[in-house]
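Dear colleague,

I am handing over the structure below, and I would be glad if you kept it open while you read the notes that follow it.

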Amino acid sequence: MLGPRIPVTERAQDLHDSSLVLDCHAHFLIHGMAVGRKFHHTHKRPWFYNPTKSQLDLGSVTRGGVNALAFTSYAAGLPFRRNIGAYTDAIFDRYLEILEECQGRVVHCENPRQIREAAAKGDLASFLTIEGGHVFEGNLERIEHFYQRGVRMTTLTHFVSNGIADSCQNPYRPLGGLSPFGREVIAAMERLGMMVDVTHLSDSAMKQTLALVTRPPLTSHTALRRYNPTLERNITADTAKEIARGGGLIGIIFFLRYLGASGYDMHSPARHAADLAEMCGAECLCVGRDIDSPIYTPLGFVDAADWPQFTQALIN
């Protein structure tokens, strides 16, 4: 959003430029699918909160020094949409069109080696993730289908409880955490090598999932509950430590509502990162800005070109 920017020093810019910068949760595909927005076109910067405008395009990502970007699929479930799996396939077809439109400047990746190789060549590494396990439509075979399409990370649920797990953002929680089918979903994801994203889980579902997983989990876009104590969507210090103990990752979101009392500019997400580094070690940190979804970002962060401010805020 429009607001005071954090001045970026030469030291911070050099550190930023010499690092592999990865965003593990971003929603350009919402715009790319719904209105056919072109990733390779430069879009007008959304100076004020306007979820119909995009904060992501190839130009802004390049100017912001981003090396790797999640193309996260989201499809609303019932009663808003039927045939969710088919619609998700259509979203991924649009993603393939985006790759073609970018003429080799965006490279689809399915493992860390491919990401590093693309970044070393100066290309943008892209990877596919899904928000909401309801796209599996109660069928374990759909997990392998989307894995074969290139998906390497999925949140078990989203805004509503589904047949897999209860959501933290819905008072209707019929499962008491995970369902038996949810446990099968986690086993199938881990068997394939699809990361289990615990974002949006209720506290009960979070506890049960972290006790069940055998591979490092992650929460791709979250914040610390200490700065917004009434928001179950944010994780507690104990949950953060448990994720870190399992070798997992904690992604910092750029949504001011979730960042809470930590501030209003780019120092706000940096404070969450600093607290997590002190509690759990810096190696557990990642970033999932959640931009191009209906969120409002910290003051001074207008689009992806403003990422170096976050590096400066971390130094500060």
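A salt bridge is here a side-chain nitrogen of Lys or Arg within 4 Å of a carboxyl oxygen of Asp or Glu, and by this rule the count comes to 13 salt bridges. Please keep in mind that this is a predicted model, in which local features need pLDDT of at least 70 and side-chain atom pairs count only at pLDDT 80 or more, while totals for chains, interfaces and linings use all residues. Residues are numbered from 1 along each chain as its sequence is written, and side-chain values use heavy atoms, with hydrogens and water left out.

One of the salt bridges joins Arg 5 to Asp 306, with the closest N and O atoms 2.4 Å apart. Because Arg 5 lies in the segment before helix H1 (10-17) and Asp 306 in the loop between S9 and H12, the pair ties together parts that are 301 residues apart in sequence. Helices (H or I, at least four residues) and strands (E, at least two) are DSSP runs, numbered from the N terminus. Arg 5 is partly exposed, with a relative accessible area of 48%, whereas Asp 306 is buried at 3%; buried means under 20% relative accessible area, exposed over 50%, and partly exposed in between (1.4 Å probe, protein chains only).

Another salt bridge is formed by the side chains of Asp 23 and Arg 289 (2.5 Å, N to O). Asp 23 lies in strand S1 (residues 22-23) and Arg 289 in the loop between S9 and H12, so this pair ties together parts that are 266 residues apart in sequence, and both residues are buried.

Within helix H4 (residues 84-101), Arg 94 and Glu 97 are three residues apart, which means that about one helical turn separates them. Salt bridges that share partners join Lys 38, Arg 94, Glu 97 and Glu 101 into one network. The closest N and O atoms of Arg 94 and Glu 97 are 3.2 Å apart; Arg 94 counts as buried, at 7% relative accessibility, while Glu 97 is partly exposed, at 41%.

The loop between strand S9 (285-287) and H12 also holds Gly 300, which is buried at 2% relative accessibility. Its C-alpha atom is separated by 6.4 Å from that of Asp 265, although Gly 300 and Asp 265 are 35 residues apart along the chain.

Where is Phe 48 placed? Phe 48 is in the loop between helix H2 (28-34) and helix H3 (58-63), and with a relative accessible area of 59% Phe 48 is exposed.
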